[in-house]
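Here is a short report on helix packing and aromatic pairs. Look over the sequence and structure first.

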Amino acid sequence: AVVSTQSRGEASYLDVRVFHPNAPSYQKTSIAQLHKTHQNQKKMAYLRRVLNVEQGSFTPLVFATSGGFAPEVKRVLERLGAKICVKHQEGMAETMTFIRQKLRFSLLRSTLVALRGTKRRVIQFDASETDFRLT
């Protein structure tokens, strides 16, 4: 759970899925439809439990290996960016660039770890003293 992306005091649960749109099984399906399909699969698996048991909100974060993401991801990132802008008194453009950059590298790192494993401990990221400007 993370601090709410929806409303104050509500826990938000995010689940990431990355798919390869150029896979042979997806050849006849549009990217938009693939995003929707994967989003719906995640919602079917987790939404009811999160709403009823955890009493929070659930958002599936669906990414394609080609670099695209589902519309719900955009809404979550914009909401997160707005909260960070207010907290750190930074511009929205710099904040969104920072978030996207961190997200890309995190997804890439996760992919590499899944493919070859890791030999080092996991590094925790602390954003409290981060300058979001790219100067």
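## Helix packing

At what angle do the axes of helix H2 and helix H3 cross? The axes of H2 (residues 71-88) and H3 (residues 92-116) cross at roughly 125° and come within 9 Å. H2 and H3 are therefore oblique to each other. Angles under 35 degrees count as roughly parallel, over 145 as roughly antiparallel, 65 to 115 as roughly perpendicular and the rest as oblique.

This is a predicted model: local features need pLDDT of at least 70, side-chain atom pairs count only at pLDDT 80 or more, and totals for chains, interfaces and linings use all residues. Residues are numbered from 1 along each chain as its sequence is written, and side-chain values use heavy atoms, without hydrogens and water.

## The H2–H3 contact

Contact means heavy atoms within 4.5 Å. On the H2 side, the contact residues include Leu77, Leu80 and Ile84. Their H3 partners include Met92, Ile99 and Leu103. By class, the contact has 9 nonpolar, 2 polar and 1 charged residues.

## Aromatic pairs

Rings of Phe, Tyr and Trp (its six-membered ring) pair if their centres lie within 6.5 Å; planes under 30 degrees apart count as stacked, over 60 as edge-to-face and the rest as tilted. The count comes to 3 aromatic pairs. Phe19 and Tyr26 have ring centres 6.0 Å apart and planes at 90°, so this pair is edge-to-face.

Tyr46 and Phe58 form a tilted pair, because their planes stand at 50°, with centres 5.7 Å apart. Tyr46 lies in helix H1 (residues 31-54) and Phe58 in strand E2 (residues 57-64), so the pair ties together parts 12 residues apart in sequence.

Technical notes. Axes fitted to C-alpha atoms, helices over the stretch in contact; angles between N-to-C directions. Helix = DSSP H or I, 4+ residues; strand = E, 2+ residues; numbered from the N terminus. Nonpolar A, V, L, I, M, F, W, Y, C, P; charged D, E, K, R; others polar.
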